[in-house]
Amino acid sequence: MSRWRRSVDELAARRRQQGECERAQEALCKVTSCFQQLAASLGSSADCSFLRDEMDETRALAHRICSGLSRRLVRLMSDCDSAPSGVEDRQVSERLWVLFLSVLENFLSDLHKASDVIGQFPLTRRYDRRSLVNTGCIDGMVGVAARVASVQAPWLTLEEEQSPDLTNHIAGLEAMLSEMQLRVPVAFWSVEATQPAWAEARGELDEPDYSLEDLMEVEVVSNNSKMAACCQPSCCGLSCVG
């Protein structure tokens, strides 16, 4: 096989790995976002065994995705160092790396908060529910649990790993984060974003038919019409309130 052909095959393989990591990153963001919404009901009147079981399942799915994604990203960054790659290809891998570490940090923060609240509201006995705060939305948990179930696995087969308990999960993620930062020291400030902020949210919104200036002009004209209609009668004893 010629050197040119080998380089093309290696570049195509890296592109496939990057696409796989991007899909995994998207799935991880959805799962961790659902976990954050579920954790918001801890300690409230919506807290129950169903909520905590769903949180454990969501956390287990996030653990499997994190484990597989970290190994693939380490391999991808190592290949970029050992094999010749273009600047653009290196930048794509670095952005995936930084995004993953950012998601890990946010997920760790949510796990710490959940651990603290669960410690204050253990729910191990029936009368423990008396200490729950009378707030929270029970119906919202079902929708969040359904969104977790709809997340597509990033790989064809998820690596079967026994999910750790909450304390060991936190310790494992902290160790993973430190190890990854030591193995591939990529400065966060050196990685540039390739799309504007909130691009997904803006893309879902339809373009308004009227500009803000048009709406303000219509409102002013409407108010003037109301004032004119109100103040025309000379016997009107009410002042216009606009």
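Glu-26 is partly exposed, with a relative accessible area of 48%; buried denotes under 20% relative accessible area, exposed over 50%, and partly exposed the range in between (1.4 Å probe, protein chains only). Glu-26 forms a salt bridge with Lys-30, with 3.7 Å between the closest N and O atoms. The model is predicted: local features need pLDDT of at least 70, side-chain atom pairs count only at pLDDT 80 or more, and totals for chains, interfaces and linings use all residues. Residues are numbered from 1 along each chain as its sequence is written, and side-chain values use heavy atoms, with hydrogens and water left out.

**Salt bridges**

- The count comes to 5 salt bridges, each defined as a side-chain nitrogen of Lys or Arg within 4 Å of a carboxyl oxygen of Asp or Glu.
- Lys-30 and Glu-26 both belong to helix H1, 4 residues apart, which is about one turn of the helix; helices (H or I, at least four residues) and strands (E, at least two) are DSSP runs, numbered from the N terminus.
- Lys-30 is partly exposed, at 46% relative accessibility.
- Another of the salt bridges joins the side chains of Arg-72 and Glu-20, at 3.4 Å from N to O.
- Arg-72 is buried, with a relative accessible area of 17%, whereas Glu-20 counts as partly exposed at 23%.
- Arg-52 forms a salt bridge with Asp-47, and their closest N and O atoms are 2.6 Å apart.
- Arg-52 is buried, with a relative accessible area of 12%, and Asp-47 is also buried, at 0% relative accessibility.

**Aromatic pair**

- The structure holds 1 aromatic pair; rings of Phe, Tyr and Trp (its six-membered ring) pair if their centres lie within 6.5 Å, and planes under 30 degrees apart count as stacked, over 60 as edge-to-face and the rest as tilted.
- Phe-35 and Phe-107 form this pair in an edge-to-face arrangement, with 5.5 Å from centre to centre and 85° between the planes.
- Because Phe-35 lies in helix H1 (residues 3–39) and Phe-107 in helix H3 (residues 87–120), the pair ties together parts that are 72 residues apart in sequence.
- Phe-35 is buried at 1% relative accessibility, and Phe-107 is buried with a relative accessible area of 1%.

**Nonpolar core**

- The largest nonpolar core has 45 residues, of which Leu-28, Met-55, Leu-73, Trp-97, Phe-100, Leu-104 and Leu-173 touch the most other members.
- A nonpolar core is a set of buried Ala, Val, Leu, Ile, Met, Phe, Trp, Tyr and Cys residues joined through side-chain atoms within 4.5 Å.
- At least two residues of this core come from each of H1, H2, H3, helix H4 (139–149) and helix H5 (166–183).
- H3 gives the most to this core, with 12 residues.
- Leaving aside residues up to four places away in sequence, Met-55 touches Phe-35, Leu-38, Ala-39, Leu-42 and Ala-114, where contact means heavy atoms within 4.5 Å.

**Backbone at Leu-123**

- Leu-123 has a positive phi of about 55° although it is not a glycine.
- Most residues other than glycine have a negative phi.
- Leu-123 lies in the loop between H3 and H4 and is partly exposed, with a relative accessible area of 22%.
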